[in-house]
Structures are given as C-alpha cells and as structure tokens.
Amino acid sequence: MGGLSRGGVQESGVMPYHGSPLRHSKSELNSMDIIYLRDLRIETIIGIFDWEREVKQTISLDIEMGTDIKKAAATDHIDDTLDYKAVSKRLIDFVEKSEFQLVETLAERICEIVIGEFNVPWVKLRVNKKGAIRGAQDVGVLIERGSKD
C-alpha cells in the first residue's frame, strides 16, 4: 500500500517526489502566453462601395495577444495580467466609430492600439468581413505584428 515497486515507481503509478527543483530550458523560460478574444462582433462602416459608406456592417475579430501570465497566476489579481475586457471595450469603441475603406487599414490600426496602449509585444489578428464576397462564407485579413521574443 503506497510502497515502492521496481524502478522507484509507487504502486499507485506515481513517481515519488524528492524535492528537487524544476529545471527549465532557456526556451521554456522565454515562452509567451496568449490571451485571446474570439469572434468579437462589431458594427462599423467599412468598404469601398457607395452602399458600404452608408450601411453599418458586422465585422468579426479574432485576436491573440502575447503576454506573460505568470505573475497574474501567482497573485490571482487582475492588475497583474492583460485585462481582456478593457481591450475589448477599447476596440469596440474604436471600431464602431471608424469608417475605413479597407479591412487592411482597420487591422493595422487595431494592432497599433493593442501593442501601443496595452503593452502587448505580439498580436495576431483576423478581421472577418462576412458576406463581402458572394459565394464565400467569409473574407478578411490575418496579420501578425510585434515580436514573440
């Protein structure tokens, strides 16, 4: 009952703990965590055609933001992490008021906000403009900005 069997494995199948410190490779120490928002839907003026300049369309954002969550995980405090609610509120406010012609321009500006205002070193963004092309389920751009290092 709970004794060691051959190979030092307990009968329960769990290796005994000997108190040795964890060792991490250099790549593990420099790893990046990702906080994400999926399918953030926002109404905005976007497009090059006359009718698109008059009618708000729904765009969808998928955002991956590189950050380090270790401190937040240790303290369990919102001030020690990237506040995704604050990010989403800022982006909703910005996109709703914008009137870009191209999704490419909108995507660049969104990345500038995330990196510049929220101290995020790396962002991956998909801007989806559903229904823009007849016969296609969706269309848009996917960009990455910043550095994962």
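The model is predicted, so local features need pLDDT of at least 70 and side-chain atom pairs count only at pLDDT 80 or more, while totals for chains, interfaces and linings use all residues. Residues are numbered from 1 along each chain as its sequence is written, and side-chain values use heavy atoms, with hydrogens and water left out.

**Helix α3**

Helices (H or I, at least four residues) and strands (E, at least two) are DSSP runs, numbered from the N terminus. Helix α3 comprises residues 84-97, 14 residues in total, and spans 20 Å from its first C-alpha to its last, close to the 20 Å expected at 1.5 Å a residue. The expected span is 1.5 Å times one less than the number of residues.

The residues V87, S88, L91, F94 and V95 of α3 are buried. They lie on the same side of α3 because they cover an arc of only 135° around the axis; the arc is that of the directions from the helix axis to the C-beta atoms. Here buried means under 20% relative accessible area, exposed over 50%, and partly exposed in between (1.4 Å probe, protein chains only). The face turned away from the buried side carries the exposed residues K85, K89 and K97. The buried residues of α3 pack against β1 (33-44), β2 (57-67) and α4 (103-118).

**A pair of strand residues**

| Residue | Strand | Relative accessible area |
|---|---|---|
| I35 | β1 | 12% |
| E64 | β2 | 19% |

Although I35 and E64 are 29 residues apart along the chain, their C-alpha atoms are separated by 5.9 Å. Contact means heavy atoms within 4.5 Å. Leaving aside neighbours within four places in sequence, I35 is in contact with residues including I63, E64, M65 and Y84. The side chains of E64 and R38 are joined by a polar contact of 3.3 Å. A polar contact is a pair of N or O atoms within 3.5 Å; within protein, one must be able to donate a hydrogen and the other to accept it, and residues adjacent in sequence count only if both atoms are side-chain atoms.

**The nonpolar core**

A nonpolar core is a set of buried Ala, Val, Leu, Ile, Met, Phe, Trp, Tyr and Cys residues joined through side-chain atoms within 4.5 Å. The largest one has 27 residues, and L61, M65, I110, L125 and V127 have the most contacts inside it. Helix α4 gives the most to this core, with 7 residues.
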